[in-house]
Amino acid sequence: MKRIRLGSGLSRLLAPLGLAAALSAAPIAQAADDLVLGGSIPLSGVFAFAGQGIHAGITDYVKIINDQGGIKGRKLRYVPEDTAYKVDASVAAFKKITSQNKVNFYYGDSTGFSKTINAELNRTGDILMTGASFATELNDPAKYPAQFMLGPDYTEMFGILLRYIAKEKPGAKVAFVYSDTEFGRDPIAGSRALAEKLGLKVATEIMTAPGSVDVSTEVIKLRRADPDFTIFHGYVLAPIPEFVGQGKRMGLKTRYMGTFWTMDNSTVMQMGEDAEGFMGVMPYRYYYDTEGDSPMLKKIREMRPQYQSTGYMQGFLAAMLFSEVAKRTLDAGKDLTAANMKAALDGIKDFDTGGLIGVPISIKGNSIPVGRIYRADVKLKQMVPASDWIVLK
């Protein structure tokens, strides 16, 4: 559908309806200059636990930036649609939002959507997009020139975990346990090669049905391999508690680890006592973290006194980076095309997120390859730091 810009052309179209005069009014003219952030957001469905946090994070940063006067005097307007985490609904939401607004930025809810909509982004050349996915495939600026990720890709997450393991226990045996999904399989081949390069031994690889609960056979395989560390990927929670609980009862001494979508504090703590010592990689600080100078986390706690999820932090960072990109592009006197905005994004070096991430960040490729290992402390009911921040070169 062709977009109609607010201006003299639309004024002529609306004149017969007696509405043309309204377009010359200051508030409407200002609205025409709004920067628009559209979003396919899973506010319902299986991913709602993350989508609601993402939505709140974007909403809050948009409020912060607009309360400061916007970006170069232009307001940032957030236009979300619920997708229930379905690709067809996400595509429909994208078409609806972009047909009704001049969209500059977009947040996508899944790897499937990011891949499906990529050709359209490349064709139009006027939207910069990020989203919930950390799929390694998306970390390719040649194929996905108008997209980026809000942290390390899944292979880079494994890289951070494996570097931590190699430092903690050189020559350690590791196990990869992952779901039989595109999400689950994503980092496995690359991580197998990296483990060998780091002098680690991959003792076993176990693939399960996504969300399966009966993993007794797989736990026996894990016990036989007797790894020092077991990395889970391709799950949110199940069947991780089943692996951990059964493994502990069998006397397994392995240390369990997860990647981003398992690492929300409330998710890990659902494992109860079995959560003790569970570790994983996290690109952001947790809501309750008061370490060091973190004015943005302080601001978030003032705005929302109750715990906010890691999804919230991801949404907040998305709006922050979009705002920074818009500012840099406009400061350079350039049009807000996808190419110009991506160039501005690529120019971000040693950027201070206000403590959201514990070190200054630089964009490399389509990702932000930084993270920290956190460990579950059941007594505190918190994920606590187990390493310094690890930045991949």
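Biologist: What should I know before we start?

Modeller: This is a predicted model, so local features need pLDDT of at least 70, side-chain atom pairs count only at pLDDT 80 or more, and totals for chains, interfaces and linings use all residues. Residues are numbered from 1 along each chain as its sequence is written, and side-chain values use heavy atoms, with hydrogens and water left out.

Biologist: How many cavities of 30 Å³ or more does a search of the whole structure find?

Modeller: The search finds 1. On a 1 Å grid over the protein atoms alone, a cavity is a set of points where a 1.4 Å probe fits but cannot get out; a pocket is an open set with protein on both sides within 12 Å along at least five of seven lines; lining residues have an atom within 4 Å of a point.

Biologist: What volume does the largest cavity have?

Modeller: About 40 Å³. A volume is the space filled by probe spheres set on the grid points, which are joined across faces, edges and corners.

Biologist: Which residues line the largest cavity?

Modeller: The lining is Ser114, Thr130, Gly131, Ser133, Leu138, Gln147, Phe148 and Met149. By class, that lining has 3 nonpolar, 5 polar and no charged residues. Ala, Val, Leu, Ile, Met, Phe, Trp, Tyr, Cys and Pro count as nonpolar, Asp, Glu, Lys and Arg as charged, and the others, Gly among them, as polar.

Biologist: And the second largest pocket, what is its volume?

Modeller: About 430 Å³. The second largest pocket is lined by 20 residues, and Tyr85, Ser110, Thr111, Tyr154 and Phe183 lie nearest its centre. Helix H6 (111-116) and helix H9 (182-185) are the elements that give two or more residues to this lining. H6 gives the most, with 3 residues. Helices (H or I, at least four residues) and strands (E, at least two) are DSSP runs, numbered from the N terminus.

Biologist: How does the lining of the second largest pocket divide into nonpolar, polar and charged?

Modeller: It has 11 nonpolar, 4 polar and 5 charged residues.

Biologist: New topic. At what angle do helix H8 and helix H10 pack?

Modeller: H8 (residues 154-168) and H10 (residues 188-197) pack at about 25 degrees, with their axes 9 Å apart. That makes H8 roughly parallel to H10. Axes are lines fitted to C-alpha atoms, for helices over the stretch in contact, and angles run from 0 to 180 degrees between N-to-C directions. Angles under 35 degrees count as roughly parallel, over 145 as roughly antiparallel, 65 to 115 as roughly perpendicular and the rest as oblique.

Biologist: Which residues make the contact?

Modeller: H8 brings Thr155, Phe158, Gly159, Leu162 and Arg163, and H10 brings Ile188, Ser191, Leu194 and Ala195. Contact means heavy atoms within 4.5 Å. These residues divide into 5 nonpolar, 3 polar and 1 charged.

Biologist: What about H15 and H16?

Modeller: The axes of H15 and helix H16 (residues 338-346) come within 9 Å and cross at roughly 110 degrees. The two helices are therefore roughly perpendicular to each other. Val325, Arg328 and Thr329 of H15 contact Asn340, Met341, Ala344 and Leu345 of H16.
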